[in-house]
Amino acid sequence: MAVTKILARNARLDQAIQYVLNGDKTDHQILTAHQNCDPGWECRQMLDTKREFEKMGGRQCYHIIQSFKPGEVTPELALEIAKEFAAEYLADYEVVIGTHVDKGHIHSHLVFNSVNAQTGEKYHITTQEYYRQIRAVSDRLCREHGLSVIMEGQPTQAVSYIEWLRQSKGQPTFRSMLEADLCSVIEDSNDLGHFFMLMEHRGYEIHHGNRLGFRLRGQEWFMYPGRKNPLFTEDGIRAAILGNLEEIEAGQRPAIIPRLNYQPYKKHPKYTGFMALYVHYLYILGKVEKRQYPPRMTPHLKQEIMRSERYRAQFEFLRDNGIATQEDMAAFLASTEETLASLTKQRTILNVKKKKRRLLYTALADVASLAQAKALYEEGLSGMETEFSRYMEAVTVLERCGVPQKQLIAEKAELYEQLAQVNHDIRVIRKKLTLCREIQGQVSQMEQDIHTIEDKREAHSRQRNR
């Protein structure tokens, strides 16, 4: 299996070459090779080529990386594949090759001059050519040496060769299987914490951040399905668990339906302080009622119109929380920060509980996710030894803990739900604090804009009266 990447470098040539030939990484430079250049003179010869063709600027070199699956290839074979690749694909370029063995997986680095030593042309490759050329050559060489192949997708998205083939044939892929698992687990979940636990028991690791990420144990990268489908964001999952999954999947309703709390009719209030300032500013921008004498728009105000919806949201925040003066704002900030500190402390306590039970919770997940592998192993299928061993280790851990498995599952689900709720509350509080700081930073500019407009209006009125 070889994963290939190509990186364009503008930095110094000597630094790139030194990295590739590092003796600590290449077994004292035994696992190195050169093409069209001499050891010890690589950098000078590449620079001489650039000077000869008067192409010293821009890209200095390109860096290709071939990474192999741990245990599938020897360092000597990896170096041989890299040399064959350079001889075929980079025949007219000066190339420095180093196979690194300092990490858990063997990988080869090829740094080559950006200028062709024969034609003087600068190297250039498009994404389409990358798949047709670099990966095609690397994959063929791997197959010729009896290795499997993995291909990455776009620079921001990893796609295995098998997944690429399945996509081209309309068959299930890792991403489609993840989405199917998500839909299935959503249907079986009682709440968000229960959902996270069931996903772990299906063999997934979960990344909690601005977006929810999922990956199977052993995969290198997380997948973020919520980027393309709002159903798989945290809010979308929470809404779907409440019983709306069928309508969402059928496209009859969005994953998240914003609903305003019912507000009985109230006579229009007379605003003061911050709220009066925002109403006045939105009026100037033409977003509150119709202006009788619209002022001449300045470039700054034209830009501000683009942010009018943000100002409207800030005004609603001030109104809903009864913030009219600096004192109100200071009191709200103090109360909110105190709430945030309390929630953060609560989350720390929950994380400590989770850490203390990590071994047991991981064992629960392994027992659930590896049950099928254990069954296949007992049926005599080869290649399941590692998974069966992990399954048996997890069973042993659960048996020794002395806690009934049903009780442990219930405890884990409750803890995960508490953590999910606390994390959600912390994000809400942080958004409120950010909104308060934005408002504080904008008040002076808004007052200045209003004064400028009023001064221009008065000056214009005086000229008309003369």
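This is a predicted model: local features need pLDDT of at least 70, side-chain atom pairs count only at pLDDT 80 or more; totals for chains, interfaces and linings use all residues.

Colleague: How many helices and strands does the protein chain have?

Modeller: Helices (H or I, at least four residues) and strands (E, at least two) are DSSP runs, numbered from the N terminus. The protein chain has 17 helices and seven strands.

Colleague: What share of the residues is buried?

Modeller: Buried means under 20% relative accessible area, exposed over 50%, and partly exposed in between (1.4 Å probe, protein chains only). Of the 466 residues in the protein chain, 39% are buried.

Colleague: Which residues touch the most other members of the largest nonpolar core?

Modeller: A nonpolar core is a set of buried Ala, Val, Leu, Ile, Met, Phe, Trp, Tyr and Cys residues joined through side-chain atoms within 4.5 Å. In the largest core, which has 58 residues, they are Phe-195, Phe-196, Met-199 and Phe-214. H17 supplies the largest share of this core, 15 residues. A second, separate core has 27 residues, among them Ile-64 and Leu-147.

Colleague: Which residues line the largest cavity?

Modeller: On a 1 Å grid over the protein atoms alone, a cavity is a set of points where a 1.4 Å probe fits but cannot get out, and lining residues have an atom within 4 Å of a point. Grid points are joined across faces, edges and corners, and a volume is the space filled by probe spheres set on the points. The search finds one cavity of 30 Å³ or more, and the largest holds about 30 Å³ of space. Its lining consists of Phe-196, His-208, Glu-234, Ala-420, Asn-423 and Arg-427. Helix H17 (residues 405-465) gives the most to this lining, with three residues.

Colleague: How many disulfides are found?

Modeller: A disulfide is a covalent bond between the sulfur atoms of two cysteines. Here the criterion is a pair of cysteine sulfur atoms within 2.5 Å, and the whole structure has zero disulfides. Cys-401 is partly exposed, at 25% relative accessible area, whereas Cys-436 is buried, at 0%.

Terms used. Residues are numbered from 1 along each chain as its sequence is written. Side-chain values use heavy atoms; hydrogens and water are left out. On a 1 Å grid over the protein atoms alone, a cavity is a set of points where a 1.4 Å probe fits but cannot get out, and a pocket is an open set with protein on both sides within 12 Å along at least five of seven lines; lining residues have an atom within 4 Å of a point.
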